[in-house]
Amino acid sequence: MSRRFRALVAHPQVEALGELAELLGGLGLAVETSRSTVEALNKLRSQPAHVIVSYHVSGSFDGVGLLESSILHSPEALRIVLVTSPDEAVELDYRPHHAGIIIRLVAKPSERSRLVALVGEGVKLLNLVEEQRELVRKLSLDQQKLQRRETLLDVVVKERTKELEDSYVKLKIANRQALFGLAEAIEAKDPYTKGHCGRVAAYSLVLAREAGYPLEGLETLEFGAFLHDIGKIGIKDAVLLKPGPLDDTEWIHMREHPVKGYDIASKIEMLHPIMPAVRNHHERWDGSGYPDKMKSDDIPLVARIVAIADAYDAMSTDRPYKAALPLEECEAVLMKTAGKMYDPDLIDVFVKRKLGELYREDYADLPYDDGQAASSS
Ligand SMILES: [Fe+2]
């Protein structure tokens with residue numbers, strides 16, 4: 001039998017102490033005894049008890065005083081006072097409720113069974129309370145463990161998310177570098193186009209923004225504009241770099257660059273989104289363009305935007321055999337060709353908002369030549 005709960009018995013008589021100790025010990029309690037109330041209180045000070053039983057005789061053995069004092073050291077204890085007659089310890093009837101409950105039993109043999117029953121119930125209650133406390137403690141520990149796991153999981157998820165975000169940013173940077181590398185490859189092949197790809201991308205971006213192009217598509221549009229002439233990689237140097245005018249056969253070859261670019265882009269997954277800009281930037285609003293002879297709204301919007309940016313840059317920048325046109329003249333040409341070569345609504349935005357002016361100062365002195373002015377190729 002485990003003796004997890006303690007009892008203290010105070011009685012002046014040795015025989016009675018022995019008898020009470022035996023009774024309480026039989027209920028599984030670890031019993032301490034004391035023949036004086038002072039000694040009993042000292043014992044309680046050093047080790048609180050769960051059950052306190054004290055004899056009481058007014059004037060000679062102050063059991064009630066002991067039980068009242070024990071509240072300080074053993075506040076939750078079951079307190080029982082044994083009196084010689086029902087009239088003893090009458091002061092218990094006038095005690096305030098908050099002063100702790102003291103049960104009064106008459107110290108005669110017939111009351112012993114009541115004492116055993118009472119303490120037995122008390123021990124059951126103590127066991128229940130202990131079990132409940134243990135349960136609460138376990139639950140609290142489990143909850144702490146769970147919280148620690150959640151915190152750990154949260155940290156791991158945050159770390160992984162950060163790593164993924166970092167990787168994504170690195171991948172995007174690598175993609176950009178790869179795409180810009182391709183653009184540089186085009187420009188390296190044809191030195192006259194130096195800066196042209198960047199300017200077309202810049203004009204395309206600003207025109208797209210002003211025309212209400214979806215924000216989430218702007219990055220793809222920028223790449224598309226940057227790499228719209230990627231197909232020129234496949235054009236013979238003799239044609240691409242020819243200083244003079246091209247003959248009919250050479251023009252036919254030159255005009256293959258959108259499809260050549262499309263074929264290149266179709267083989268590289270990250271270039272798939274820009275395929276419309278590459279293939280269709282030489283389509284014309286009236287259907288006179290190439291390679292698919294698309295008309296008006298059938299031409300992908302990105303291609304219509306790039307076509308205007310491409311034409312404007314061709315006109316507004318110096319070439320070896322043709323000086324740059326002033327902004328107003330470039331705008332006049334664009335307006336004249338609106339609805340024939342280019343999307344009239346986009347031309348309207350480009351001219352009315354003076355979009356050519358926005359980048360003119362930055363790019364005007366850069367050499368360029370994409371081999372095709374607004375009215376050529
Ligand atoms: Fe082109």
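Mentor: Happy to. One term before we start: helices here are DSSP runs of H or I with at least four residues, numbered from the N terminus. Also keep in mind that this is a predicted model.

Trainee: Good. Which helix does Thr 337 lie in?

Mentor: Thr 337 lies in helix H12, which covers residues 327-337.

Trainee: How far apart are Thr 337 and Arg 284?

Mentor: In space they are 9.9 Å apart, C-alpha to C-alpha, and in sequence 53 residues apart.

Trainee: Let's switch to the sheet. What is the strand order?

Mentor: The order is S2-S1-S3-S4-S5, an open sheet of five strands with parallel pairing. S2 and S5 are the edge strands, each pairing on one side only. On average, neighbouring strands of this sheet are turned by 20° against each other, direction ignored.

Trainee: What does S1 pair with?

Mentor: S1 pairs with S2 (residues 30-34) in the parallel sense over five bridges, and Val 9 has Thr 33 in S2 as its bridge partner. S1 also pairs in the parallel sense with S3, over four bridges; there, Ser 54 in S3 is the bridge partner of Ala 10.

Trainee: How many bridges join S3 to S4?

Mentor: Six bridges, and the two strands run parallel. The bridge partner of Val 51 in S4 is Leu 78.

Trainee: What do S1 and S2 make together with helix H1?

Mentor: With H1 (residues 14-25) they make a right-handed β-α-β unit.

Trainee: Back to S1: how many of its residues are buried?

Mentor: Five of the five, so S1 is largely enclosed by the rest of the structure. Arg 6, Leu 8 and Ala 10 point one way, while Ala 7 and Val 9 point the other way. In a regular strand, side chains alternate between the two faces of the sheet.

Trainee: Now H3. Which of its residues are buried?

Mentor: In H3 (residues 63-73), the buried ones are Gly 63, Val 64, Leu 66, Leu 67 and Ser 70. They cover an arc of only 155° around the axis, which puts them on the same side of H3.

Trainee: What do they pack against?

Mentor: The buried residues of H3 pack against helix H2 (37-46) and strands S1 (6-10), S3 (51-56), S4 (78-83) and S5 (102-106).

Trainee: Where does H4 lie?

Mentor: H4 (residues 109-189) lies across S3, S4 and S5, and runs at about 155° to S5.

Trainee: Last topic, the nonpolar cores. Which residues in the largest one touch the most other members?

Mentor: Leu 207 and Ile 308, out of the 48 residues in that core. Among the helices that each supply at least two residues are H4, H5 (196-210) and H12. H11 gives the largest share of this core, with 11 residues.

Trainee: What does Leu 207 touch?

Mentor: Leaving out residues up to four places away in sequence, Leu 207 touches Ile 305, Ile 308, Ala 309, Leu 346, Val 349, Phe 350 and Leu 355. Apart from this core lies another, of 29 residues, including Leu 8, Ala 10, Val 53 and Leu 66.

Trainee: Ah, Leu 8 and Ala 10 are from S1, and Leu 66 is one of the buried residues of H3. Thanks!

Note on methods: Residues numbered from 1 in each chain as written. Predicted model: local features only at pLDDT ≥ 70, side-chain atom pairs only at ≥ 80, totals over all residues. Buried ≥ 20, exposed ≤ 12 C-beta atoms within 10 Å, placed from the backbone. Arc of directions from axis to C-beta. Contact = placed C-beta atoms within 7 Å. Pairing = 2+ DSSP bridges. Right-handed = clockwise from strand over helix to strand, strands pointing away. Axes fitted to C-alpha atoms, helices over the stretch in contact; angles between N-to-C directions. Core = buried A, V, L, I, M, F, W, Y, C linked by C-beta atoms within 7 Å.
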